[in-house]
Amino acid sequence: MNKKFRRIFKRALLTLLIIIAALVTIILFPQLLFANKMKYKNFKLCSNDKISNDIKIVLENAMDLVQKSELYDSGYKYNIILCHNSFYNKIDDRLLGIGPAARARLHNVIVKVRIDPKSNLAFPAFRKECEVNLTYLLAHEMIHCLQANNYGIMKFNPFRHPELWKLEG
Ligand SMILES: [Zn+2]
């Protein structure tokens with residue numbers, strides 16, 4: 001390799017590493033990207049839309065469900081990322097694929113679809129627009145957070161996990 005080529009190669013590699021680092025930071029710490037935030041009990045919420053107080057009762061009900069699990073941890077903190085129609089959601093789609101209405105990642109419960117907390121609904125539009133119970137959706141993802149927290153992220157992640165009935169309950 002001649003000198004000039006090596007220099008270009010080094011610069012390209014450095015740029016690539018910076019882009020990867022930025023994407024990993026955004027994926028793991030999405031809160032930075034959102035305009036609106038709310039704290040409620042064990043939850044920190046963020047969204048680009050105004051966060052309605054109606055979400056509080058939904059969170060209470062989701063927590064009631066999660067409390068019944070043997071994995072429940074009263075000190076565990078959740079970040080609820082309401083990212084429908086956000087830049088973050090687009091990055092998430094690109095990197096991890098379009099499909100689920102929500103994901104769990106570290107302490108983050110990522111709700112990718114439109115929600116209506118007042119009527120306790122989320123609106124996945126994977127094949128066609130439909131309605132799901134928002135409380136169940138949140139509780140399901142909160143349990144995924146607790147699975148990784150209890151059993152270790154190395155054993156519970158999208159690539160390595162116990163059989164699906166146990167992962168998905
Ligand atoms: Zn799941």
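From the N terminus on, the chain's elements follow the order α-β-β-α-β-α-β-β-β-β-β-α-α. That makes 5 helices and 8 strands. Both are DSSP runs, numbered from the N terminus: helices are H or I with at least four residues, strands are E with at least two. This is a predicted model, in which local features need pLDDT of at least 70 and side-chain atom pairs count only at pLDDT 80 or more, while totals for chains, interfaces and linings use all residues. Residues are numbered from 1 along each chain as its sequence is written, and side-chain values use heavy atoms, with hydrogens and water left out.

**Overall dimensions and surface**

- The C-alpha trace spans about 65 × 35 × 35 Å along its principal axes.
- The chain has 169 residues, and 36% of them count as buried. Buried means under 20% relative accessible area, exposed means over 50%, and partly exposed lies in between (1.4 Å probe, protein chains only).
- Accessible areas come from the Shrake-Rupley method with a 1.4 Å probe; for residues, only the protein chains shown count as cover.
- Of the contacts between residues at least 6 apart in sequence, 55% join residues at least 24 apart. A contact means heavy atoms within 4.5 Å.

**Charge**

- The chain carries 26 positive and 14 negative charges, and their mean positions are 16 Å apart.
- Lys and Arg count as positive, Asp and Glu as negative; His and the chain ends are not counted. Each charge is placed at NZ of Lys, CZ of Arg, CG of Asp or CD of Glu.

**Surface patches**

- Patches consist of residues with over 30% relative accessible area and no salt bridge; like charges are joined within 9 Å, and nonpolar side chains (Val, Leu, Ile, Met, Phe, Trp, Tyr) within 5 Å.
- K3, K4, R6, R7, K10 and R11 form a positive patch on the surface. K4 sits in helix α1 and is exposed, at 57% relative accessible area.
- F5, F9, L13, L16, L17, I20 and V24 make up a nonpolar surface patch, with about 660 Å² of accessible area together.
- V24 belongs to helix α1, which covers residues 3-28. V24 counts as partly exposed, at 44% relative accessibility.

- A salt bridge puts a side-chain nitrogen of Lys or Arg within 4 Å of a carboxyl oxygen of Asp or Glu. The count by this rule is 5.
- D92 and R105 pair through their side chains at 2.7 Å, N to O. D92 is in helix α3 (residues 87-96) and R105 in strand β4 (residues 102-105), so this bridge ties together parts 13 residues apart in sequence. Both D92 and R105 are buried.
- K112 also bridges to D92, at 2.7 Å, N to O. K112 lies in the loop between β5 (108-111) and β6 (114-116) and D92 in helix α3, so the pair ties together parts 20 residues apart in sequence.
- K112 is buried at 5% relative accessible area. D92 is buried at 0%.
- D93 and K112 form a salt bridge at 2.7 Å, N to O. D93 is in helix α3 and K112 in the β5-β6 loop, so the parts tied together are 19 residues apart in sequence. D93 is partly exposed, at 24% relative accessible area.
- Through shared partners, salt bridges join D92, D93, R103, R105 and K112 into one network.
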